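Please review the briefing below alongside the sequence and the coordinates.

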Amino acid sequence: MKLSEIGLVLLAAAAVTGLISVVTTGQKIVENNNGFPEETDPQILLEHDFTEVCIGSGLRDVPSASADTVVRSMDLVDTISVHQANLHITRTLREHGFDHVITYLVPDKGLSFLCHTLEGEPLRFELNNTSR
C-alpha cells in the first residue's frame, strides 16, 4: 500500500467517524439567556420596525401635541425616498394591526400618519424629510 492510499483510508475513516458522531449527538436547545425579557408592547414592536427608515435612535416624543393623541416623530434616512418610506410605514402599520386612517403630506417637512392603537386610541407618526 502506498502512502497516498493510506492517507485516503485514514481520511475516509475520519469522515465516517465524524458522520456517526454528528448523527448520534443530541441537539441542545438554546434559550434567550441575555437577561432581557422579550418585548410584548405592540407600539414598541411597531416602532422597532420603523427603524429601517429612520435616522439615529429612532422615534421621539412630541410634547407640543394635543393631550389626547400620542405623537412620535422620526427623521427619514437620506438613502430612502419619501415614497418608499410611506409604503414601508403603511405596510408595517397594517402588519402590526394598527388602524391606519390617513397620511398627510406636510409641505417642506415630510409625512404625517394618523392611526389608532390596538386599543383604539389616537396615534400620529411624523416622518421628517431632512434631506430636502
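The following notes treat the sheet, its hairpins, the side-chain contacts, the cysteines and the surface in turn.

The model is predicted. Its sheet is open and mixed in pairing, with five strands in the order 1-2-5-4-3. Two salt bridges and one aromatic pair are found, while the number of disulfides is zero.

**Sheet architecture**

- Strand 1 (60–61) and strand 3 are the edge strands; each has a single partner strand, so one side of each lacks a neighbour in the sheet.
- Strand 3 pairs with strand 4 (residues 110–116) in the antiparallel sense, over seven bridges.
- Within this pairing, Leu105 lies opposite Leu111 of strand 4.
- Strand 4 also pairs with strand 5 in the antiparallel sense, again over seven bridges.
- Here Leu111 is found opposite Leu127 of strand 5, so that Leu111 faces a leucine in each of two strands, given its position opposite Leu105.- Strand 4 is mostly covered, as five of its seven residues are buried.
- In a regular strand, side chains alternate between the two faces of the sheet.

**Hairpins**

- The hairpin of strand 3 and strand 4 has three residues between the strands, and Asp108 there adopts a positive phi near 60°.
- The hairpin of strand 4 and strand 5 has five residues between the strands.
- In the turn of this second hairpin, Gly120 has a positive phi of about 90°.

**Aromatic pair**

- A pair of aromatic rings is described by the distance of the centres and the angle of the planes.
- The count of such pairs in this model is one.
- The pair consists of Phe50 and Phe125 in an edge-to-face arrangement, at 5.0 Å centre to centre and with 90° between the planes.
- Phe50 and Phe125 are both buried.

**Salt bridges**

- Side chains of opposite charge can pair when their charged atoms come close.
- Arg72 and Glu47 form a salt bridge through their side chains, with an N to O distance of 2.8 Å.
- This bridge links distant parts of the chain, since Arg72 is in strand 2 (residues 70–75) and Glu47 is in helix 2, 25 residues apart.
- Both Arg72 and Glu47 are buried.
- Glu126 and Arg124 also meet in a salt bridge through their side chains, at 2.8 Å from N to O.
- Glu126 has a relative accessible area of 14% and is therefore buried.
- Arg124, with a relative accessible area of 23%, is partly exposed.

**Cysteines**

- The structure holds zero disulfides.
- Cys54 is buried because its relative accessible area is 7%, which lies under the 20% limit.
- Cys115 is likewise buried, with a relative accessibility of 2%.

**Nonpolar surface patch**

- Val101, Ile102, Tyr104 and Val106 make a nonpolar surface patch of about 320 Å².
- Tyr104, one of the residues in this patch, is located in strand 3 (residues 99–106).
- The relative accessible area of Tyr104 is 43%, which means that Tyr104 counts as partly exposed.

Technical notes:
Residues are numbered from 1 along each chain as its sequence is written. This is a predicted model: local features need pLDDT of at least 70, side-chain atom pairs count only at pLDDT 80 or more; totals for chains, interfaces and linings use all residues. Side-chain values use heavy atoms; hydrogens and water are left out. Rings of Phe, Tyr and Trp (its six-membered ring) pair if their centres lie within 6.5 Å; planes under 30 degrees apart count as stacked, over 60 as edge-to-face and the rest as tilted. Buried means under 20% relative accessible area, exposed over 50%, partly exposed in between (1.4 Å probe, protein chains only). A disulfide is a pair of cysteine sulfur atoms within 2.5 Å. Patches are made of residues with over 30% relative accessible area and no salt bridge: like charges are joined within 9 Å, nonpolar side chains (Val, Leu, Ile, Met, Phe, Trp, Tyr) within 5 Å. Accessible areas come from the Shrake-Rupley method with a 1.4 Å probe; for residues, only the protein chains shown count as cover. A salt bridge is a side-chain nitrogen of Lys or Arg within 4 Å of a carboxyl oxygen of Asp or Glu. Helices (H or I, at least four residues) and strands (E, at least two) are DSSP runs, numbered from the N terminus. Two strands pair if DSSP finds at least two bridges between them.
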